[in-house]
Amino acid sequence: MDKLERSFEAGLWGSRFIVLTAVIFGLIGAVALFVVASFDIFHVAGVVIDTYLNHHHPEKFHELVVGEVIGAVDLYLIGVVMLLFSFGLYELFISEIDPAREDGEADKILSIHSLDQLKDKISKVIVMVLVVGFFKKVGLAEYKEPLELLYLALSITAVSVGLYFLSKVGKHH
């Protein structure tokens, strides 16, 4: 029975490597988001240069430019979430990332020792994505129905406050 138990436990422990699929595809998602955001910024820069070189200034030009740039920042932040997700899963289930530890950079980014810590890090970045999304909507919004913006602001505030209190649960000072 002891041999059977050891074999089963070895197989069970080895099954943690299935997490590598989430790590790899999380990294692919992060790279894709960074590429798309960078192309968006490049496109906006081209539009700005063209607008000023040709001396035509469309209506709400500044709001459109700011909205596009904020949209790109949003994509970068979501890419960061994907990186944190990939790094965290790898460190929790597979192994510490040795090059990060050797450079002394691990404590800044990779101080993830539990799923709760990973969730907290990702939650904070998600709140930032919501805030950035709010500012994008504010910049492009028509103020015919300001109540909709108020609802959006209240929902972001509610999520932020909820995450703040969730991060305090179980911590003793």
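Which residue just after α2 takes a positive phi? His-55 does, at about 55 degrees. The sections below place that residue in the wider chain.

## Overall fold and confidence

This is a predicted model. The protein chain has seven helices and zero strands. Read from the N terminus, its elements run α-α-α-α-α-α-α. Of its 173 residues, 24% count as buried. The accessible surface comes to about 12100 Å². Carbon and sulfur atoms account for 70% of that surface. Take contacts between residues at least 6 apart in sequence: 65% of them join residues at least 24 apart.

The average pLDDT is 81, and 86% of the residues score at least 70. Helix α2 has the highest confidence, with a mean of 94. Helix α5 (residues 106–109) has the lowest, with a mean of 61. Where pLDDT is low, the predicted coordinates should not be read in detail.

## Helix α2

Helix α2 covers residues 19–53, which is 35 residues. From its first C-alpha to its last it reaches 51 Å. That is close to the 51 Å expected at 1.5 Å a residue.

Eight of its positions deserve a look. Val-19, Val-23, Gly-26, Ala-30, Leu-33, Ala-37, Val-44 and Thr-51 are buried. The buried residues of α2 pack against α3 (61–93). An α-helix has 3.6 residues a turn, so residues three or four places apart point the same way.

## Aromatic pairs

The structure holds two aromatic pairs. Phe-34 and Tyr-76 form a tilted one, 5.4 Å centre to centre with 45 degrees between the planes. Phe-34 lies in α2 and Tyr-76 in α3, so this pair ties together parts that are 42 residues apart in sequence. Phe-34 is partly exposed at 28% relative accessibility. Tyr-76 is also partly exposed, at 25%.

Tyr-52 and Phe-61 form an edge-to-face pair. Their centres are 5.9 Å apart, and their planes make an angle of 80 degrees. Tyr-52 is partly exposed, at 44% relative accessibility. Phe-61 is buried, at 5%.

## The nonpolar core

Which residues make up the largest nonpolar core? There are nine in all: Val-19, Val-23, Val-81, Leu-84, Leu-89, Ile-112, Leu-118, Ile-122 and Val-125. Helices α2, α3 and α6 (115–140) each give two or more residues to this core. In soluble globular proteins, nonpolar side chains tend to be buried together.

Ile-112 is one of the core residues. Neighbours within four places in sequence aside, Ile-112 is in contact with Leu-84, Gly-88, Glu-91, Leu-92, Gln-117, Leu-118 and Lys-121. Among these, Leu-84 and Leu-118 also belong to the core.

## Three residues of α3

His-62 lies in helix α3. It is partly exposed, at 47% relative accessibility. Not counting residues up to four places away in sequence, His-62 touches Tyr-52 and His-57. Tyr-52 is the partner of Phe-61 in the edge-to-face pair. The C-alpha atoms of His-62 and Val-48 are separated by 9.5 Å, and the two residues are 14 apart along the chain.

Is Asp-74 buried or exposed? Asp-74 has a relative accessible area of 18%, under the 20% limit, so it counts as buried. Its place is in helix α3. Beyond its neighbours within four places in sequence, Asp-74 is in contact with Val-129, Val-132 and Gly-133. Those residue numbers fall within α6 (115–140).

Tyr-90 also lies in α3. It is partly exposed, with a relative accessible area of 26%. Setting aside neighbours within four places in sequence, Tyr-90 is in contact with Leu-20, Val-23, Ser-95, Glu-96 and Ile-97. Of these, Val-23 is a buried residue of α2 and a member of the largest nonpolar core. The C-alpha atoms of Tyr-90 and Ala-22 are separated by 9.0 Å, although the residues are 68 apart along the chain.

Definitions and conventions:
Residues numbered from 1 in each chain as written. Heavy atoms only, no water. Helix = DSSP H or I, 4+ residues; strand = E, 2+ residues; numbered from the N terminus. Expected span 1.5 Å × (residues − 1). Buried < 20%, exposed > 50% of the residue type's maximum accessible area, 1.4 Å probe, protein only. Contact = heavy atoms within 4.5 Å. Areas by Shrake-Rupley, 256 points an atom, 1.4 Å probe, with all protein chains shown as cover. pLDDT = per-residue confidence, 0-100. Phe/Tyr/Trp six-rings, centres within 6.5 Å; stacked < 30°, edge-to-face > 60°. Core = buried A, V, L, I, M, F, W, Y, C linked by side-chain atoms within 4.5 Å.
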